[in-house]
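Please look over the sequence and the model shown here before reading on. The report after them is meant for a reader who is new to this structure.

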Amino acid sequence: MSKKLSTADTLSFGFMLFAFFLGAGNIIFPPLAGLQSGENMLPAMLGFLITAVSLPLICLVAIARVGGGVSAMTEGLPTWVGTVIAAAIFIVIGPAFATPRTGLVAYEIGAVPFLGEATGMTQAIFTGIFFVIATVLALYPGKLMDIIGKALTPTLIVLLSVLAISVLFAPEVAVAEAQGGWATDAFTTGFLEGYMTMDALGAMVFGTLLVDILRRKGVTEPVAQARYMMIAGVIAALGLAFVYISLFYVGAVSADMAADASNGGAILAAYVQGLFGGFGAVILAAVVVLACLTTAVGLTTAFAEFFNSKVKLGYRNWVLLCSAVCLFVANIGLEQLISISIPVLFIVYPIAMALVIYVFARPAIAARTVTLAAMLSGAAITGILSGLNVAGVAASLVAAFDFLPLYDLHMAWIAPVTLTLLGGMLYKRGEKPLAAEEA
C-alpha cells in the first residue's frame, strides 16, 4: 500500500526541489538583468518570471500527468526518439553546461572575493573540492530528501531571506537607463533571458528524480505521486519567484556600485560589499556555494539515474564519470561556458516545450503519433536555425528563414508547433474524438 508523507516530509520534498532549481543561473542572471533593464525593470522581470518560474512549474505538471519523464511523453514514437531527447537534455543540464556552471559560480562568488585574485590553480582546487562534496552527497540518492530538504535548504532559505530583506534597507539610488534590447522590448528580452536559468529543462529531469525519491519513501500510487509533485512544484515556484524579484531589484539599485559588471556574480559581490562590508561577502558566499552545491547534487543524481537505466555501468560509476567531466568543463571559465551554452539552449528548449504542449493537448488529438512527430520535427528544425543564428554560423541559411513569425526573437518554433497541434486536434479519423479519453 502506498504511504502518505507527513506535513514535514511534504514541505521537505518541496524545499528539496526548490534547492535543486536554485543554482548558478538563478543567481547570476537576475541581477544582471535588473541592472541592464534599469527603468524597464518591471516588464523585464515579468517576462523573466514567465520562463524561469511558470514554465518549470508547467513542465512538472506535465510530467505528473503522464507519470514519468521524456519516455512517457514520447509514448507512441520509436523508443530511441525519447531516449535521444532525454539524453540530450540530461547532457545539457548535466556535465556539458549546467552542472559545471554551479562549480564555476560558487568559485567566482564564494571564493574569489576572499582570495583577492582568481588564478587557474585556485579555481582548479576549489572546483575539485566542490565536486568531491557533490559526488559524496549524490552517492546516496535515498537520503537526498533528508540531507537537502531537511538540512541544507532551511539554512539556504534563512541566508536568502537576509539578502532579500537587505534590499528594503538599501540606500535610495536612481536606476540606470535601460540598455540594448532591455530598452526596446524589455518584456521579450526578459522572457528570453529566463531561458538561461535552464529551469524548464531542469524540471523535466527533476520530475523523473522526484518520482524515484517518492518511491523510495513508499509513495507508489501514481495519483499520490502526481499530487506530491505538484505541491513540491508550487513550493519551488514561490521560492524562485521570491529570489528572482529580490535579485532583480539588487541589480537595479547597483547601477553606481557595479556599472561595468559583466555578470551577475560581480554585481552581487559589489552590492553586498557596499552594503554590508566583509560580513556581507560571507553571507553571499554561503548562499551561493550552498545553492550551487544542492543543484549540482540534484543534477548529478538525475544524470546518473537516467544513464544507468540505459547502460548498466552502475549508478556509482555514472556519478563518478559525471563529476569528473564536470570538473574538467568547469575550468573553461564562466563567461566562456555561458557563451557556448546559449546556442545549445536555443536548440533544445523548443523540443522540450513542444513535448510539454503535446502532453496537455494529447487527450484532444486523434492521430497522436503523427502529430507528435511533426511537432518535434518543427521544433527541432527551428531550434537548430535559432542556435546557428545565435552562434553566427551559416548566415545565408539562417537568413533564408527569417520570414517565419517571431524568428528575430528566437521563437520561430511557436508557429510550426502550434499549426501542427491545431491540425492534429482538428483531424478526425472517422471515429469519436478522444477528447475525454484521459486526463
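## Basis of the model

This is a predicted model, in which local features need pLDDT of at least 70 and side-chain atom pairs count only at pLDDT 80 or more, while totals for chains, interfaces and linings use all residues. Residues are numbered from 1 along each chain as its sequence is written, and side-chain values use heavy atoms, with hydrogens and water left out.

Helices are DSSP runs of H or I with at least four residues, numbered from the N terminus.

Two packed helices are described by the angle between their axes and the distance between the axes. Here an axis is a line fitted to C-alpha atoms, for helices over the stretch in contact, and the angle runs from 0 to 180 degrees between N-to-C directions.

Helix α5 (residues 79-96) packs against helix α15 (residues 278-310) at about 150 degrees, and their axes are 9 Å apart. The two helices are therefore roughly antiparallel to each other (angles over 145 degrees count as such). Their crossing is left-handed, a term used if the near helix is turned anticlockwise from the far one by less than a right angle, with right-handed used if clockwise. Residues of α5 that meet α15 include Thr-83, Phe-90 and Pro-95, and among their partners in α15 are Leu-299, Phe-303 and Lys-310; contact means heavy atoms within 4.5 Å. By class, the contact of α5 with α15 has eleven nonpolar, one polar and one charged residues. Ala, Val, Leu, Ile, Met, Phe, Trp, Tyr, Cys and Pro count as nonpolar, Asp, Glu, Lys and Arg as charged, and the others, Gly among them, as polar.

## Helices α6 and α8

Helix α6 (residues 98-110) and helix α8 (residues 120-138) pack at about 120 degrees, with axes 9 Å apart. That makes α6 oblique to α8; oblique is what remains after angles under 35 degrees (roughly parallel), over 145 (roughly antiparallel) and 65 to 115 (roughly perpendicular). The crossing of α6 and α8 is right-handed. On the α6 side the contact includes Thr-99, Gly-103 and Tyr-107, and on the α8 side it includes Gln-123, Phe-126 and Phe-131. The residues of this contact divide into seven nonpolar, six polar and no charged.

## Salt bridges

Side chains of opposite charge can pair when their charged atoms come close. The structure holds two salt bridges, each defined as a side-chain nitrogen of Lys or Arg within 4 Å of a carboxyl oxygen of Asp or Glu. One joins Arg-216 and Asp-212 at 2.8 Å, N to O. These residues are four apart in helix α12 (residues 199-216), and about one helical turn separates them.

The other joins Glu-305 and Arg-216 at 3.2 Å, N to O. This pair links distant parts of the chain, with Glu-305 in helix α15 and Arg-216 in helix α12, 89 residues apart. Salt bridges that share partners join Asp-212, Arg-216 and Glu-305 into one network. Arg-216 is partly exposed, with a relative accessible area of 45%, and Glu-305 is partly exposed at 22%.

## Two buried residues

Buried means under 20% relative accessible area, exposed over 50%, and partly exposed in between (1.4 Å probe, protein chains only). Thr-127, in helix α8, is buried with a relative accessible area of 0%. Leaving aside neighbours within four places in sequence, Thr-127 is in contact with Gly-103, Leu-327, Ala-330 and Asn-331.

Ala-252 lies in helix α13 (residues 222-252) and is buried at 2%. With neighbours within four places in sequence left aside, Ala-252 contacts Gly-34, Leu-35, Met-41 and Val-175.
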